[in-house]
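This report describes selected contacts in one protein model. Please look at the sequence and the structure before reading on.

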Amino acid sequence: QVQAAEAQAALLRHRVEMGVLRAPHRGVVRARLLEEGDMASPQRPVLDLALLSPKWIRVYVGEADLGRVHPGMAAQVTSDSAPDAPVKGQVGYISSVAEFTPKSVETEDLRTALVYEVRVIVSDTREALRLGQPVTVLLDTGGHE
């Protein structure tokens with residue numbers, strides 16, 4: 001009877017443990033999608049999290065400049081609150097799909113209006129940058145800006 005009670009207690013501890021929400025990574029809660037008492041399931045998110053690491057910045061590069069940008073390219077990021085303290089980064093992702101395309105088939109003149117998403121991964125050890133903060137990004141294109 002003691003072993004049966006211990007097994008029952010272990011099962012109850014396991015069930016309580018399964019009811020605890022844990023984020024897979026460290027982050028900041030941006031929105032609560034379910035309230036206390038709502039039914040949660042593995043397919044339904046409960047919280048909207050913004051991951052803190054790796055920290056990256058979304059920038060857009062024009063089609064004419066896309067050939068000068070490559071993964072691993074050095075970047076400097078500055079904010080209005082600390083313009084004299086740039087944060088170092090590097091290009092980590094370049095989209096293969098243009099955005100803000102005016103038409104599905106572009107003329108040669110309209111192709112220069114296309115932009116491509118580029119993500120700059122930053123090494124923000126001082127925690128100088130905040131989520132959603134506007135920043136200026138300079139890519140090191142070897143003397144060409």
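## Salt bridges

The structure holds 7 salt bridges, a salt bridge being a side-chain nitrogen of Lys or Arg within 4 Å of a carboxyl oxygen of Asp or Glu. This is a predicted model, in which local features need pLDDT of at least 70 and side-chain atom pairs count only at pLDDT 80 or more, while totals for chains, interfaces and linings use all residues. Residues are numbered from 1 along each chain as its sequence is written, and side-chain values use heavy atoms, with hydrogens and water left out.

One of the salt bridges pairs Glu17 with Arg22 at 2.6 Å, N to O. Arg22 is exposed at 57% relative accessible area, and Glu17 is partly exposed at 38% (buried means under 20% relative accessible area, exposed over 50%, partly exposed in between, with a 1.4 Å probe and protein chains only). Another joins Arg119 and Glu117 at 2.8 Å; Glu117 is buried at 9%, whereas Arg119 is partly exposed at 28%.

Lys55 lies in strand E3, residues 55-62 (strands are DSSP runs of at least two residues, marked E and numbered from the N terminus). With a relative accessible area of 16%, Lys55 is buried. Its side chain forms a salt bridge with that of Glu127 at 3.5 Å, N to O. This pair links distant parts of the chain, since Glu127 sits in the loop between E6 and E7, 72 residues from Lys55. Glu127 is partly exposed, at 45%.

Lys55, Asp124 and Glu127 together form a network of salt bridges. The side chains of Lys55 and Asp124 are also joined by a polar contact of 2.8 Å (a pair of N or O atoms within 3.5 Å; within protein, one must be able to donate a hydrogen and the other to accept it, and residues adjacent in sequence count only if both atoms are side-chain atoms).

## The nonpolar core

The largest nonpolar core has 15 residues, and those with the most contacts inside it include Ile57, Val120 and Val137. Such a core is a set of buried Ala, Val, Leu, Ile, Met, Phe, Trp, Tyr and Cys residues joined through side-chain atoms within 4.5 Å. Elements giving two or more residues to this core include E3, strand E4 (74-79) and strand E6 (115-122).

Key. Helix = DSSP H or I, 4+ residues; strand = E, 2+ residues; numbered from the N terminus.
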